[in-house]
Amino acid sequence: GRVKKEETVEDKDVKNTLFYVESKDGLSRYTALVMMNKKTKAVDLLLIPLHVQVTVGGKLLNDIQKKIPDAGSTLELDDIARAYGENKYSMMSAIFSQILAVNISGYDVITQERFEDLLDIVNPVSYKFSDILSYRDDKQVLQYFESGDQKINGSEAMILMSHMDGTE
């Protein structure tokens, strides 16, 4: 028999797009890195809350210190957002590109509703829960996610994001 050559994914085969998600309450903001394999059309999502801490270095850190003189190499993305105003998304995109070591082809700012629609298109999203996670839905009814591997839809993913502290 023939030995099947293992398929590899090269960076040029993947289109990486960032979506900055503004939530309904205006308080919680999230970032989604959408990675699409241009050959297979497979889509992966990396969900990141904007209150996480990141570590940057090199020219990027020097650029940040021009705007935030006392910035160390570890900082919160919320601090970048406050300092950079209108230019915050391009600077955060550069940070994500550096810390994730990927080429980012572009970004967009979208509403939570549009993001939930996007997640539903690639539904279901898989997530492994180490423990049961309880939450209250829009009607304040107690709900929960079972522990283990679960498939969740766009609305459930947004609920999950509101419980993440950036260490998951």
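Predicted model: local features only at pLDDT ≥ 70, side-chain atom pairs only at ≥ 80, totals over all residues.
1. Start with α2, which runs over residues 77-84. Its buried residues are Leu77, Asp78, Ile80, Ala81 and Tyr84. They all sit on the same side of α2, because the arc they cover around the axis is only 155°.

2. Now for the pairing of α2 with α3. Two packed helices are described by the angle between their axes and the distance between the axes. For α2 and α3, the axes cross at roughly 145° and come within 8 Å. The crossing is right-handed. On the α2 side, the contact is made by Leu77, Ile80, Ala81 and Tyr84, while α3 brings in Lys88, Met91, Met92, Ile95 and Phe96. Sorted by type, the residues of this contact come out as eight nonpolar, one charged and no polar.

3. Then there's α1, whose buried residues are Leu60, Leu61 and Ile64. Their arc around the axis is only 95°, so they lie on the same side of α1. Turn to the other side of α1 and you'll find Lys59 and Lys66, both exposed. Among the elements covering the buried residues of α1 are β5, α2 and α3.

How values were computed: Residues numbered from 1 in each chain as written. Heavy atoms only, no water. Buried < 20%, exposed > 50% of the residue type's maximum accessible area, 1.4 Å probe, protein only. Helix = DSSP H or I, 4+ residues; strand = E, 2+ residues; numbered from the N terminus. Arc of directions from axis to C-beta. Axes fitted to C-alpha atoms, helices over the stretch in contact; angles between N-to-C directions. Left-handed = near helix turned anticlockwise from the far one by under 90°. Contact = heavy atoms within 4.5 Å. Nonpolar A, V, L, I, M, F, W, Y, C, P; charged D, E, K, R; others polar.
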